[in-house]
Amino acid sequence: MKNIINKIFIITLVGSFLSCADLEEKPVGVLAPEGFFKSPKDVETAIFGAYGWIASERLWGRQFVTAIMLRGDMVDIGDRGTPAERQQVNDFNMDDGNGMVRQFWPYWYQVISAANSAIAGAESLGLSEDEINPLIAEARFVRAFSYYHLVRTFGDVPYIDFFISDPSSVIGISKTPAAEIYSNILADLEFAKQWLPDQQPSDVRSRPTKGTAASYLASLHLTLHDYQGAYDEAKWVIDNKGTFNYSLEPDFQNLFRAEMQDGLNETIFSLDFLGLQNGGGGANDDIMPPMTGIRGADELGWSVAVPSMAVYNTWDDRDYRKEVSFADSALIGGELQPYTVFQNTKRPHIAKYRRYPGESNAEGRYSDNNYATMRYAEVLLIAAEALAEINGGPNTEAEGYVNEVRARARNWAGKPTDFPADVPSGLSKVDFINLVLDERRLELAFEYKRWYDIKRRELGLEVFTGPSSLEPHPNFDPGRDYLMPLPRTELAINPGLLPQNPGY
């Protein structure tokens, strides 16, 4: 998509719903859709604007993804000199004034506003379904994507599915129950699956297709413990992988080489940053490479989000994915040095985003990364987990999906290896599902998935307080910590958002 759009650098979006707190001071949405949207191209521009809000420092460039990565058990704080707001998220002692939440909350509603304005504008054009529904479907996918993250992070939140032409109409808006939000997400994704194309122009992966919508439907059903629905959608994607041009990338490292990411068949949906470009409000500012990079190394970084030693030590050295995922040595003063002499945090660091960021500054900032939010490997693992739940245990088909992922992992940069081995037969349902969850933990390490797995399986007490904890947090409270607090500033302006989430 880098060669097709330049995202929000050229877009001034109308109808931006900044946040509940901003409505009185910054009236928005004062233009009607028909005053701006004259053609499908205008609708497309608004949708591209929504992608631009996601590919910003407040969401996929740092704040939101750092928060959900730190929330899991794979990434800890490295440099304890980092701002307290990050440590609070990581240590399960945040409050409703947390600065990270305060920054990313309104940006999700910026995305939603852009999607809603695109939908309203498309509907105002009076075109036939065949002409306009594919673009409406794309906007509805973006809206579903946004609410899927919001509802899993906060639970009940305001659900807005209309263009805001009168700001006063939402000043006192209340929260929508999570169950209703999930139902709306389902409806948006089903519409998207019906109307999106099999492939986007030039087969770009930073715009959704039918396969993208179905993959997210599979994930949604898995989250809701509808295992038949999860399996059906994942199996549909697998059966139609030729239509969508999906396959596993033979070399795992290539998934994290910025210069190769535009052409990878494994990517089902990605968020596309443009190297060495940035705009106002954190637009296109990808800061994850320095956040995960090594402070004091020749390739500069900040050592903020760093795995614990237990994560590194318990990962088998024979797994090529460990080699790709970690930087356990670095050039310091022109000499290769082990992690034991790193300047600040003497632990192996995350390498997925810092090693090959493409065009970027010296710290890896303003990278050229395409962040895959859904990969074909994940669809295979969704199918395996759901099928085991349906059948009361694994069968040959479920085992086969995991084995496909493991077979790719045995390709060590073109050299065949014998690790990890295929799944042993005869596992119980519990043992197989635990194996799949651990396969997800390794295959998708540091890709902002682990916290959601912990949450949907209610593993918090086990992974944070159990004897095998990789990142112990004895204060983890399942009655509080599966949700983040709504921002205090929002509650002060709009009491309709009360009550606050439990424990905050």
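## Packing of α13 and α14

In this predicted model, helix α13 (residues 376–391) packs with helix α14 (residues 396–409) at an angle of about 150°, their axes lying 8 Å apart. Because angles over 145 degrees count as roughly antiparallel, α13 and α14 are roughly antiparallel to each other. Their crossing is left-handed.

On the α13 side, the residues in contact are Ala377, Leu380, Leu381, Ala383, Ala384 and Leu387. These meet Glu397, Ala398, Tyr401, Val402, Glu404, Val405 and Arg408 of α14. By class, the contact of α13 with α14 comprises 10 nonpolar, no polar and three charged residues.

## Packing of α13 and α15

Helix α15 (residues 429–443) also packs with α13: the two axes come within 9 Å and cross at roughly 165°. The arrangement of α13 relative to α15 is therefore roughly antiparallel, and the crossing is left-handed.

From α13, the contact draws on Ala377, Glu378, Leu381, Ile382, Ala384, Glu385, Ala388 and Glu389. Helix α15 contributes Lys429, Phe432, Ile433, Val436, Leu437, Glu439, Arg440 and Glu443. Nine nonpolar, no polar and seven charged residues make up the contact of α13 with α15.

Arg207 is placed in the loop between α6 (178–195) and α7 (210–223). With a relative accessible area of 7%, Arg207 is buried, since the cut-off for burial is under 20%.

Key: Residues are numbered from 1 along each chain as its sequence is written. This is a predicted model: local features need pLDDT of at least 70, side-chain atom pairs count only at pLDDT 80 or more; totals for chains, interfaces and linings use all residues. Side-chain values use heavy atoms; hydrogens and water are left out. Axes are lines fitted to C-alpha atoms, for helices over the stretch in contact, and angles run from 0 to 180 degrees between N-to-C directions. Helices (H or I, at least four residues) and strands (E, at least two) are DSSP runs, numbered from the N terminus. Angles under 35 degrees count as roughly parallel, over 145 as roughly antiparallel, 65 to 115 as roughly perpendicular and the rest as oblique. A crossing is left-handed if the near helix is turned anticlockwise from the far one by less than a right angle, and right-handed if clockwise. Contact means heavy atoms within 4.5 Å. Ala, Val, Leu, Ile, Met, Phe, Trp, Tyr, Cys and Pro count as nonpolar, Asp, Glu, Lys and Arg as charged, and the others, Gly among them, as polar. Buried means under 20% relative accessible area, exposed over 50%, partly exposed in between (1.4 Å probe, protein chains only).
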